[in-house]
Amino acid sequence: MVTGPASTMPADGDQPMPFDTSVAHIARVYNYWLGGKDNFAADRAAGEQSIKAFPNIGLSARSNRAFLARAVHYLAGEAGIRQFLDIGTGIPSANNTHEVAQAVAPDSKIVYVDNDPVVLSHARALLTSRPEGATQYIDADLRDPRQILDEAAQLLDFGRPVAVMLMAILQHIDDADDPYEIVSTLMAAVPSGSYLAISHPAKDIDAEEVAKMAVALNRMMAEKVTFRDNGAVAKFFDGLELVAPGMVQASKWRPRTQAEADSPAALWAGVARKD
Ligand SMILES: C[S@@+](CC[C@H](N)C(=O)[O-])C[C@H]1O[C@@H](n2cnc3c(N)ncnc32)[C@H](O)[C@@H]1O
């Protein structure tokens with residue numbers, strides 16, 4: 001579904017969707033960590049178990065959202081990007097990608113992608129594009145990057161730079177599904193001058209607590225998690241040029257205030273340019 005002048009499909013994000021509420025799902029657990037209301041008992045139980053293991057997970061999730069906003073602000077502003085492919089969107093929250101990008105550049109076009117029917121059921125909130133720009137929502141799995149690229153081409157011009165955003169999603173692609181190949185396929189489809197923005201839960205920040213949280217999440221959630229260390233996350237940026245300050249703890253990427261810089265964040269994060 002697409003909104004804005006480039007619309008090619010009707011917006012139908014208000015259709016009721018059937019989903020299993022008996023098992024925890026990451027979009028809803030993440031919503032719980034962020035203090036949202038779009039979650040069910042199983043999600044809250046998984047959320048609580050992970051808070052027990054890693055008490056800073058709520059602050060860490062907020063740091064991730066703050067990084068997302070700063071990265072989009074940089075991309076739409078300094079980097080001059082007008083097209084965004086945001087995969088693993090999540091349930092709409094404060095500072096959704098199109099809101100941040102279009103506040104800087106109202107003509108920005110944003111394609112959102114998620115595979116969770118709960119996120120799809122909230123898609124209407126993501127389709128509130130400014131008239132100068134456009135947004136689209138695709139119900140698809142990151143494991144099928146070709147489908148994502150084909151559908152995104154309804155709105156995005158792949159002859160012009162695109163920012164590919166993979167914020168806190170790659171941990172749901174385990175090594176057997178070759179996440180590096182998936183990222184390469186996405187970046188091969190975009191031209192020089194495009195960007196890759198990633199945040200990824202870290203295995204080597206607050207390592208002991210984070211390892212306990214991974215065990216709790218993998219016991220309770222439908223999607224399993226693979227947390228990665230600095231070297232494994234840095235490998236996603238191979239062949240690209242990281243912009244300053246490089247790949248760092250999410251809270252240390254161009255923080256706007258000392259409070260942002262000091263906020264706990266068990267994630268590696270970076271933004272890189274394709275030459
Ligand atoms: C932790 S949330 C992150 C949300 C948002 N990107 C952010 O950083 O605030 C992860 C999101 O990725 C989605 N997701 C997980 N695995 C996915 C997959 N294989 N394909 C598409 N979306 C996926 C989940 O449904 C969820 O909405």
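This is a predicted model: local features need pLDDT of at least 70, side-chain atom pairs count only at pLDDT 80 or more; totals for chains, interfaces and linings use all residues.
**The largest pocket**

The largest pocket holds about 650 Å³ of space. It is lined by 41 residues, and those closest to its centre are Ile 26, Ala 168, Ile 169, Gln 171 and His 172. Four elements each give at least two residues to this lining: helix H1 (26-33), helix H3 (57-76), strand S3 (109-114) and helix H8 (207-220). The largest share, six residues, comes from H3. Sorted by class, the lining of the largest pocket consists of 26 nonpolar, nine polar and six charged residues.

Strand S4 covers residues 134-139, and five of its six residues are buried, so the strand is largely enclosed by the rest of the structure.

**Two loop residues**

Asp 177 and Ser 251 both lie in loops. Asp 177 is placed between strand S5 (163-167) and helix H7 (179-188), while the loop of Ser 251 runs between strand S8 (248-249) and helix H10 (258-262). The table gives the accessibility of each residue.

| Residue | Relative accessibility | Class |
|---|---|---|
| Asp 177 | 34% | partly exposed |
| Ser 251 | 1% | buried |

The classes follow from cut-offs: a residue is buried under 20% relative accessible area and exposed over 50%, with partly exposed in between. Asp 177 has a relative accessibility of 34%, so this residue counts as partly exposed. Ser 251 has a value of 1% and therefore counts as buried.

What does Asp 177 contact, leaving aside its neighbours within four places in sequence? The residues in question are Arg 143 and Ile 182. With Arg 143 there is a polar contact of 3.0 Å between the two side chains. As for Thr 21, this residue is 156 residues from Asp 177 along the chain, and the C-alpha atoms of the two are separated by 26 Å.

Which residues does Ser 251 touch, not counting those up to four places away in sequence? They are Ser 63, Arg 70, Glu 260, Ala 261, Ser 263 and Ala 265. For Ser 263, the backbone oxygen is reached by the side chain of Ser 251 at 3.2 Å.

Technical notes. Residues are numbered from 1 along each chain as its sequence is written. Side-chain values use heavy atoms; hydrogens and water are left out. On a 1 Å grid over the protein atoms alone, a cavity is a set of points where a 1.4 Å probe fits but cannot get out, and a pocket is an open set with protein on both sides within 12 Å along at least five of seven lines; lining residues have an atom within 4 Å of a point. Grid points are joined across faces, edges and corners, and a volume is the space filled by probe spheres set on the points. Ala, Val, Leu, Ile, Met, Phe, Trp, Tyr, Cys and Pro count as nonpolar, Asp, Glu, Lys and Arg as charged, and the others, Gly among them, as polar. Buried means under 20% relative accessible area, exposed over 50%, partly exposed in between (1.4 Å probe, protein chains only). Contact means heavy atoms within 4.5 Å. A polar contact is a pair of N or O atoms within 3.5 Å; within protein, one must be able to donate a hydrogen and the other to accept it, and residues adjacent in sequence count only if both atoms are side-chain atoms.
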